[in-house]
Amino acid sequence: MCLVSASVGWTQKPAKNVLLICVDDLRPELGCYGADYVSSPNIDSLASHGMQFNRHFVQAPTCGASRFALLTGCYGPSGNHALFQRAKRMEKDPSSITPSMPRWFRDHGYTSVSVGKVSHHPGGRGGADWNKEDEIEMPGAWDRHLMPTGSWQHPRGAMHGLADGEIRKDASQMDVFQSAGGEAKYPDDLILKTSLDELATLAEDAAEKPFFLAVGFIRPHLPFGAPAEHMEPYENTVLPGIPHPAKPSGQTTWHGSGEFMRYNRWGKNPNQDDAFADAVRRHYAACVSYADANVGKVIQRLNELKLRESTIIVVWGDHGWHLGEHAIWGKHALFEESLHSPLILCDSSTIANLQTDAIVETVDLFPTLCELADIPQPSDIDGESLLPVLQSPETSDGEAVSYAKGTTIRTDRHRLIVHPKGHRELYDHVSDPDETTNIAETNPELVQRLEQRLQKRLADRQQF
């Protein structure tokens with residue numbers, strides 16, 4: 001975030017629980033973010049009772065590296081195995097690793113539990129099927145790290161599973177979208193049930209021992225499969241047109257949407273077939289509504305257990321997702337659509353019905369939750385507490401850095417992207433919010449200033 005911190009005096013308060021809800025591949029295309037064609041009443045309700053961050057940016061447009069930043073409060077490697085790399089370094093030299101967020105809360109008296117996809121692998125294990133008990137993604141972080149699999153057999157099967165146990169073996173033989181009717185079940189149904197059970201268990205001891213519960217829902221990650229009840233409302237919904245759908249000219253981080261294109265698309269390409277593009281977007285929206293319904297059921301259980309007032313709630317999208325902007329169907333680019341995701345924070349004692357345009361980063365959540373929970377903040381992390389923003393939401397200051405095929409910095413007005421071999425992209429979000437016109441060549445001094453700030457921010461980035 002990089003904002004000036006303000007000192008806050010706190011009196012001793014009863015320990016706060018933390019409920020962190022992670023939603024995979026979630027764009028800020030929700031009712032509360034202005035998308036009135038999307039049904040997301042439960043997340044919208046949370047936003048109305050908390051702080052909605054309108055300009056939250058992730059550290060990487062890919063699951064593993066983004067979740068590394070969330071769970072460590074540090075900039076790190078750009079690949080999906082970032083946390084496994086950290087685990088190997090931790091095994092060789094534990095002192096070289098800063099504590100993870102769940103371990104930090106655990107060390108300060110919390111019971112830490114994860115359910116579903118919180119780290120990159122649902123359940124937090126490695127191996128061919130992501131269930132090898134001696135390959136732990138985050139050693140020592142969780143009292144329990146759970147991933148129910150049911151008919152999907154193992155976490156790898158559930159990660160890309162469609163209805164009633166269908167597992168991705170050959171992506172070209174798995175439909176890119178689906179809406180199954182009747183009593184069909186999806187992996188997130190199991191994650192929801194286990195989360196509700198865990199909440200009930202944690203509630204039994206919450207008065208004496210607070211909890212840090214992280215719940216990770218898989219949808220709307222590919223393939224876009226959701227129960228038919230969530231697709232039905234979108235059958236006749238009028239969707240807005242895709243903004244800036246043309247492939248960008250010049251050197252950018254554009255890619256051919258390989259993750260999306262390898263699924264069965266019935267021979268269709270959404271960049272060439274408007275009707276198919278429309279169908280993809282409707283199925284993505286159905287997955288968002290499915291995720292929203294699951295979020296609502298978790299909050300309902302929290303309310304039933306009378307834990308709402310004593311629990312800090314966070315809803316976080318691990319990165320954005322292009323739905324045809326720049327002719328991309330996926331993430332993995334350094335455009336705004338890949339890096340901008342929802343962030344909503346609810347704390348009944350301090351926040352209610354607020355929004356902010358401050359630029360904040362995923363790494364900022366770790367110290368923020370420490371401050372809200374009234375526990376010490378670790379000293380050697382990159383994130384900064386968002387308490388100044390919570391106290392002064394009218395600010396639009398801040399900056400965010402991200403990395404993938406290059407590095408980028410986002411300020412209130414500009415985005416600079418630096419490629420490994422020195423090419424630069426500069427976009428002015430006042431005159432060009434769609435990031436379609438590269439003005440780097442005509443603004444060399446601004447490029448130099450922003451690049452210096454970017455290099456300074458990433459100087460101590462952990463590369464394993």
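In this predicted model, helix H9 (residues 274-304) supplies the largest share of the lining of the largest cavity, namely four residues. The cavity holds about 70 Å³ of space, and the structure has one cavity of 30 Å³ or more. Its lining is made up of Glu-29, Tyr-37, Val-38, Leu-239, Arg-281, Tyr-284, Ala-285, Val-288 and Leu-323. Classed by residue type, this lining contains seven nonpolar and two charged residues, with no polar residue. Glu-29 and Arg-281 are among the lining residues and count as charged.

Helix H9 also takes part in a helix-helix contact. The axis of H9 and that of helix H1 (residues 41-48) come within 7 Å and cross at roughly 55°. An angle of 65 to 115 degrees would count as roughly perpendicular and one under 35 degrees as roughly parallel; H1 and H9 are therefore oblique to each other. On the H1 side, the contact involves Pro-41, Asn-42, Ile-43 and Leu-46, which meet Asp-292, Ala-293, Val-295, Gly-296 and Ile-299 of H9. The residues of this contact divide into six nonpolar, two polar and one charged. Asn-42 of H1 and Gly-296 of H9 belong to the contact and fall in the polar class, whereas Asp-292 of H9 is of the charged class.

Helix H2 spans residues 63-72 and is mostly covered, with 10 of its 10 residues buried. The buried residues are Cys-63, Gly-64, Ala-65, Ser-66, Arg-67, Phe-68, Ala-69, Leu-70, Leu-71 and Thr-72. Directly after H2, a positive phi of about 70° is found at Gly-73.

From H2, the residues Gly-64, Ala-65, Arg-67, Phe-68, Leu-71 and Thr-72 meet Ala-82, Leu-83 and Arg-86 of H3. By class, the residues of this contact comprise five nonpolar, two polar and two charged. Arg-67 in H2 and Arg-86 in H3 are both part of the contact and count as charged; Gly-64 and Thr-72, both in H2, count as polar.

Methods:
Residues numbered from 1 in each chain as written. Predicted model: local features only at pLDDT ≥ 70, side-chain atom pairs only at ≥ 80, totals over all residues. Heavy atoms only, no water. Buried < 20%, exposed > 50% of the residue type's maximum accessible area, 1.4 Å probe, protein only. Helix = DSSP H or I, 4+ residues; strand = E, 2+ residues; numbered from the N terminus. 1 Å grid on protein atoms, 1.4 Å probe; cavity = no way out; pocket = protein on both sides within 12 Å on 5 of 7 lines; lining within 4 Å. Points joined across faces, edges and corners; volume = space filled by probe spheres on them. Axes fitted to C-alpha atoms, helices over the stretch in contact; angles between N-to-C directions. Parallel < 35°, antiparallel > 145°, perpendicular 65-115°, else oblique. Contact = heavy atoms within 4.5 Å.
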